[in-house]
Amino acid sequence: MHQLIAEMTLEEKAGLVSGAAFWSTRPVERLSIPAVTMTDGPHGVRMQRQSADHLGLNASEPATCFPTASSTGSTWNPELLAEMGEALAHESRALGVDILLGPGVNIKRSPLCGRNFEYFSEDPFHAGVMGAAFVRGVQSQGVGTSLKHFAANNQETDRMRIDAQVDERTLREIYFPAFERIIREAAPTTVMCSYNKVNGLHASQNSWLLTDMLRKEWGFNGYVVSDWGAVGDPVAAVAAGLDLEMPSTGDRSVNAIIEAVNSGVLDESLLDLAVSRILTVHENLLSTRTSAPVVDFDAHHALAGRIAAEGTVLLSNEGHLLPLSAAEGDTIAVIGEFARTPRYQGAGSSHVNPTRLDDALTAIQAATTRTVEFAAGFTFDGDRNEQLHAEAIALAARSSVVVMFLGLPPQNESEGFDRSHILLPETQRNLLDAIARVNRNIVVILSNGGAVSLQGIIGTAPSILEMWLGGQASGTAAADLIFGTAQPGGRLAETIPHSLAQTPAFVNWPGENGVVRYGEGLYVGYRWYDHTEQDVAFPFGYGLSYTTFNCISMTVTVPDNTKAQASVEISVTNAGNRAGAEVVQVYVTDNEASVSRPRRELKGFTKVWLEPGEVKNLLVELDERAFAFWGTAGWTVEPGTFTIHAGPNSRDLPLAEVLTLNVPQQSTILDTESTLQEWASHPAGLTVLKQAMIRMGQSADALTNEESLPIFGSMPLRTILGFAQQANAVEFDVDEALANLLSAVESA
Ligand code: GLC
């Protein structure tokens, strides 16, 4: 590699890091360096042959449109996501795509984010596990990935300029862990930096993000590609650790880099570093490549349907209205334009030209011998139409059961803008109310990328299925779910709140004057609702089945309680009469933390298929990070008791066991600003302090006894020394005395 780089001219090197056209890198024919093609996206290949764009406006080649991440995340099935990744890789190869620009693993900070359909979760552990599976699946077939968007890209409003002000602990515990896990476990070929600033500096030129975190701390060994148009200063970007600017800016960036190297502003070794990273990834990708597989589009379509069903969350099923009989019964009213015109993917760069598209109406008609009649009820764009409205009510009145397809019209959510509310269109809510007055047997099937308020839906419709944006086969999946030939396998990967006003980011969203403050800190998603003890419509991890499961017992084993590590074995059974899949979730509570911590955090989960009456034992391993928080001295596990919870969702955790960890107390690093409490809590600090008190003729415990410490504990020791000097009229240099105490601690 070094020899090859040495042979490249400065112009060739500057060209390689500056992209070519919209979807490819620049070749260097002279040196047999090939161009590499990359394109979106996370749930389908968007390969454009003619006019290119990064917003899904122009046509692309047909490809399987799989369910979007809000659906695949709801499967809680990493193996299934890996399978989808393999299929995506096959289609990428067939279309000549070398790197697929996904997965998106940004945390769903607010349900208002227009791109939440492209992201897995409100929880970093869950997002990391699902994203790592996706990357492994795609890359196992010789196609690269691009883990995106690093970092803190949690809104679309002003996304190219907004400065996300996030404290480091929140970044490390909430917004980084999915990226960190995927980099450590799945080694994505590229990471895509986000458009926004993070704490004042654009991600594209933020060396703390791109070099210190990605490479020095997490060991990332691929290359960093910019989001499209995210680079404002190509020279600063290369210096910070951005390796490839996309798309091409013609000669502008190339010339800027050449000029910077020639003038000494940019050290050429940094340019060479970017070039070597790009060439290494591309060489590894292309040299290990086997011949392009033949794509089985029928199999991919069936897989898309299987994923859609497994990502569907059964939110309610009063009276076990579902599944319907396919043979027995009178007319089934299928109501809602989305039944005939599916709402199955989001808008923007992830937009796919599907190989085929199943509509639920046709699929339902094909799946039953019962009479099926259709009424649109409202327009696809969610507008009211009196005739459609009246026809739907009349049909419902003469039918035995109503299956209503509701959801968000495409113009409600997309890349590029955020929602302003989380309500379903009023037209749809009014129609449901009217239909409920003539028929109570209502199944609501939702198609939406971001969570919607279900006020007025819950209690009106006995059965509610959340299908999210279920991809090109979601129509067939809907019919399979309605008649029970498929099981709703989904669990919520984001909380469904009652209202927008109770959401964590509500008062800080979407920011103003170019700044958005993550004022809720760690308390995102269920962390917020649990900490503030709020009721929600449906909690994180929630989902029903057509059968019932019981978590019977749990055994927590701690091999050595001086180390933060535990094995959790859970026994679960299918207590119903239908087969189904349960997601057993494990949450950890730190009962004695010295800092604020969420009530409980997801640290493990396992999905298991169970036949009626079957019992299985599941094993979840908890490593040190499962107990740790990010403290002043880095990742910290404090000694004390922790509670391990297990159960079907974040608010239904029937199994709990308290364990005690006698891990060494990580002492705080004392400095000139440390308080009396920090000195008194420090093993060496207390001894040194008592000795100093005695030398000053004071009782050793004068300040650290039970009465004094609560009063003086929050005072910096420097202040107390100053008071002592004045009170005792003794002459000593406070700063010198403090320095002596600190050095005594260091040498203790
Ligand atoms: C878009 C998106 C990114 C996508 C890229 C290329 O703006 O933010 O996710 O991969 O540009 O289309």
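Q: Buried means under 20% relative accessible area, and exposed means over 50%. This model is predicted, so with that cut-off in hand, is Q487 buried or exposed?

A: Check the value against the cut-off: buried is under 20%. Q487 has a relative accessible area of 19%, so Q487 is buried. You'll find Q487 in the loop between α17 (474-483) and β17 (515-517).

Q: Which backbone oxygen atoms does the side chain of Q155 reach?

A: For a polar contact, look for N or O atoms within 3.5 Å. The Q155 side chain reaches the backbone oxygen of T157 at 3.1 Å, and one of its polar atoms lies 2.9 Å from the backbone oxygen of P510. P510 also turns up in the contact list of Q155, along with R109, C113, I162, D418, W509 and V516, leaving aside neighbours within four places in sequence.

Q: How far apart are Q155 and R115 in sequence and in space?

A: Read both separations together. They are 40 residues apart in sequence, and 7.5 Å apart in space, C-alpha to C-alpha. R115 is one of the closest residues around the ligand, together with D40, H149, Y195 and D227.

Q: How many residues surround the ligand, and which classes are they?

A: Count the shell, then sort it. There are 15 residues around the ligand: 5 nonpolar, 3 polar and 7 charged. The ligand taken alone exposes 310 Å², and the protein buries 100% of that.

Q: Which residues touch the most other members of the largest nonpolar core?

A: Think of a core as buried nonpolar side chains joined up. Here the largest one has 79 residues, with F150 and L214 touching the most other members. Helix α5 (residues 124-139) gives the largest share, 9 residues. A second, separate core of 37 residues includes M192, Y223, W228 and I257.

Technical notes:
Residues numbered from 1 in each chain as written. Predicted model: local features only at pLDDT ≥ 70, side-chain atom pairs only at ≥ 80, totals over all residues. Heavy atoms only, no water. Near = heavy atom within 4 Å. Areas by Shrake-Rupley, 256 points an atom, 1.4 Å probe, with all protein chains shown as cover. Nonpolar A, V, L, I, M, F, W, Y, C, P; charged D, E, K, R; others polar. Core = buried A, V, L, I, M, F, W, Y, C linked by side-chain atoms within 4.5 Å. Buried < 20%, exposed > 50% of the residue type's maximum accessible area, 1.4 Å probe, protein only. Helix = DSSP H or I, 4+ residues; strand = E, 2+ residues; numbered from the N terminus. Contact = heavy atoms within 4.5 Å. Polar contact = N/O pair within 3.5 Å; in protein donor to acceptor, adjacent residues only side chain to side chain.
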